[in-house]
Amino acid sequence: MERLAGDSMIKNNKGFTLVEVLTAISLLALVFLMASSIYFLMEKQWNLQLDQVQDQSNMRLAMNVLTKALRSADHVDFPDNHTMIINNNDVYQFNAAHDSLEKNGQTIVNGLSNVTFTPGENKVTIKITGENAKGNGKETLMTSIYIERE
């Protein structure tokens, strides 16, 4: 029995065929595409959540500032439902042009859609509305502060 030279060459060949290499490259590309799409989806979600946290933080900060000022006040006036004057000295006002809460003309909180003061007989209701930076909706924070009359 005679051996062919090509037969021994095939048996001693230790490598990958073109089909195997192309299959491996295709599978790696598919895995990479799936991983990158998951990464970009998670990054988008992260940024959305970060914006929501920032918006909620701005609303809480504004509410804390206003309630602290109102609780320490001896006298409060409300010229309109977007302005509160504490002790005839400090003016808290919502600036719709800049979406901000201002104290004596200085911005103290940005990123608010609306701030309203609703005075009652023995209470003041503060309503703060913030719009998501992406425009995906609005959130509202509201509280009532009861005032003691002397």
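Analyst: A definition comes first: two strands count as paired if DSSP finds at least two bridges between them. Please keep in mind that this is a predicted model.

User: Okay, how many bridges join β6 to β7?

Analyst: There are six bridges between β6 and β7, and these two strands run antiparallel. As an example, valine 115 has isoleucine 128 in β7 as its bridge partner.

User: And which strands form the open sheet?

Analyst: The open sheet is formed by three strands in the order β6-β7-β8, with antiparallel pairing. Its edge strands are β6 and β8 (138-146), each of which pairs on one side only, and the twist from one strand to the next averages 15°.

User: Is threonine 116 buried or exposed?

Analyst: Threonine 116, which lies in strand β6 (residues 114-119), has a relative accessible area of 14% and is therefore buried, since buried means under 20%. Leaving aside residues up to four places away in sequence, threonine 116 touches Asn81, His82, Thr125, Ile126 and Lys127.

User: New topic: which residues touch the most other members of the largest nonpolar core?

Analyst: That core has 20 residues, and Leu66, Leu112, Ile126 and Ile128 touch the most other members. The elements giving two or more residues to this core are α2 (18-71), β2 (83-86), β3 (90-95), β6 and β7 (123-131), and α2 gives the most, with six residues.

User: What should α2 span, at 1.5 Å a residue?

Analyst: The 54 residues of α2 should span 80 Å, and its end C-alpha atoms are 79 Å apart, which agrees.

Note on methods
Residues numbered from 1 in each chain as written. Predicted model: local features only at pLDDT ≥ 70, side-chain atom pairs only at ≥ 80, totals over all residues. Heavy atoms only, no water. Helix = DSSP H or I, 4+ residues; strand = E, 2+ residues; numbered from the N terminus. Buried < 20%, exposed > 50% of the residue type's maximum accessible area, 1.4 Å probe, protein only. Contact = heavy atoms within 4.5 Å. Core = buried A, V, L, I, M, F, W, Y, C linked by side-chain atoms within 4.5 Å. Expected span 1.5 Å × (residues − 1). Axes fitted to C-alpha atoms, helices over the stretch in contact; angles between N-to-C directions.
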